[in-house]
Amino acid sequence: MTEQRATPQGLGTDGMLIASFLGLGVIYWLFILARAADPLITFHAYVFILAFILGLFGLVIRATNPPSDGRGAYAMDVVKAGVFASVFWGIAGFLVGVVIAFQLAFPEIFYFENAPWTNFGRLRPLHTSAVIFAFGGNVLIATSFYVVQRTCRARLAGGLAPWFVFWGYNLFIVIAATGYLIGVTQSREYAEPEWYADLWLTLVWVAYLFVFLGTIWKRKEPHIYVANWFYLSFIVTVAMLHIVNNLAMPISLANSKSYSLFAGVQDALTQWWYAHNAVGFFLTTGFLAIMYYFIPKRAERPVFSYRLSIVHFWSLIFIYIWAGPHHLHYTALPEWAQTLGMTFSIMLWMPSWGGMINGLMTLSGAWDKLRTDPVLRMMVASVAFYGMSTFEGPVMSIRAVNALSHYTDWTIGHVHSGALGWVGYISFGALYCLVPWLWKRKRLYSNAMVEWHFWISTIGIVLYITSMWVSGITQGLMWRAYNEFGFLQHSFVETVQAMHPYYAIRAFGGTLFLIGALIMAYNLWRTARGDIRAAEPQPQPQPQPLAASVPAL
């Protein structure tokens, strides 16, 4: 896009709407602050007020010093901010994960009686939310804003709305994270934030949907590239899941505590319908969108089969939404519902592997690049981990297998093979691609550091998931072992003692993964600065015109 137009003075309609919204937010939270019924919501009222005032201050600066890039250029500053946030939250989430892994392996060392916010019960949800929603969410927002502009040949819609999405989402992360540490939680897996944080995220997510749809609406490229369909499914479905699962009644507007609208088995079914599809649409379809854009771009090859990508998309989204009940085998949930979830989970194997095959075969004619391009190798490894996880998941959903695997560390190993291998590696690959493109650098600071990152973190992942596989199966077998008198052969304490070496291995593997991420952060920082190691002449591919990345139908 070469057309340039001068940016008008002032905020414009979009800026005035955001300013009005933030002003009303300040008034609302001042009202809550005056009537607060507990100190927890008082703390978060101060956080909201500070954030909204800073937002208003930023809008004043924006109005008096408008950007010079013009309204015709791509909006890349918000993508840059997303890259910074992704790396920051990734390091934070991985670090907390290492801490709680050592707490489980060596509880006598890593337990602090007088600092309850450091204990496992509060740090564990902080870790899961930081990695999934803070790191993964910022990667998805940043890459979706980049990809939708490049493939639609249109600037992000909404003026300042993309910035509202970015800062609003990260404010939600801050509210959620500080809430876990001080004890604000709904105790719902992957949905711990309380009602007021959920309401704020709903507003931000609606703005995200409108920005994404608006950009597609005003596109100059007639064809909607397949990555945008995957991003759109992730945005729409996560909104539906979030709203339904978090329907709750607060004690009062001035109290942090609320009670779920559902109860009993309905509550359990709603929760695992949400939680499994958070995996399916937040951690799968969103990152498949990254795969469908960044692997063809990096390999400089078209998608292997565009027809297969469409079949992959529609079959995946129609099947995935029904798979949640497999988390509730041997519970009060009716057996027909359990069987339904198991059946659809097994059916998921084929569309998932269809996407894996499409991603891997995109390298047809370019396999030699895996020897020389560690970034591409990392993304291809992520697709391999995706294939492994989407085979293991359907197997674990089978009722007979689930009888052994459920509630054990096998599930932890399965989750992390997908989280570290699939989500982590495809995210790292996207970040390695984005930084040189956004900061207009010819190459990364150091490809050798990418090699070190790849091999150190791969060893860490392998140690992590294999230790949890052995640990989980050992747990399951010990829990169901009976002696000749019909009594349990092992006490629970004995099973915990048997896990110790595997927990130590897991902590070491997680540490290696964290070290790899720190190497990446340093490499990206030096790249953004424009530094180059002269001993590494390997060039970085630059973004090509749209026709090179969108295959013919």
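1. In this predicted model, the buried residues of helix α10 pack against α9, α11 (349-361), α13 (374-397) and α14 (399-405). The residues concerned are Ala 337, Gln 338, Gly 341, Met 342, Phe 344 and Ser 345. In an α-helix, residues three or four places apart point the same way, because there are 3.6 residues a turn.

2. Helix α10 covers residues 335-347, which is 13 residues. From first C-alpha to last it reaches 18 Å, close to the 18 Å expected at 1.5 Å a residue.

3. Trp 314 lies in helix α9 and counts as partly exposed because its relative accessibility is 40%.

4. The structure holds 53 aromatic pairs. In one of them, the ring centres of Trp 229 and Phe 313 are 6.2 Å apart and the planes meet at 55°, so the pair is tilted. This pair links distant parts of the chain, with Trp 229 in helix α7 (residues 226-245) and Phe 313 in helix α9, 84 residues apart. Trp 229 is partly exposed at 33% relative accessibility, whereas Phe 313 is buried at 4%.

5. Phe 454 and Trp 455 form an edge-to-face pair, with 4.9 Å from centre to centre and 80° between the planes. Phe 454 has 6% relative accessibility and is buried; Trp 455 has 48% and is partly exposed.

6. One aromatic cluster is formed by Phe 21, Tyr 28, Trp 29, Phe 48, Phe 52, Phe 164, Trp 195, Tyr 196 and Trp 200.

Methods:
Residues numbered from 1 in each chain as written. Predicted model: local features only at pLDDT ≥ 70, side-chain atom pairs only at ≥ 80, totals over all residues. Heavy atoms only, no water. Helix = DSSP H or I, 4+ residues; strand = E, 2+ residues; numbered from the N terminus. Buried < 20%, exposed > 50% of the residue type's maximum accessible area, 1.4 Å probe, protein only. Expected span 1.5 Å × (residues − 1). Contact = heavy atoms within 4.5 Å. Phe/Tyr/Trp six-rings, centres within 6.5 Å; stacked < 30°, edge-to-face > 60°.
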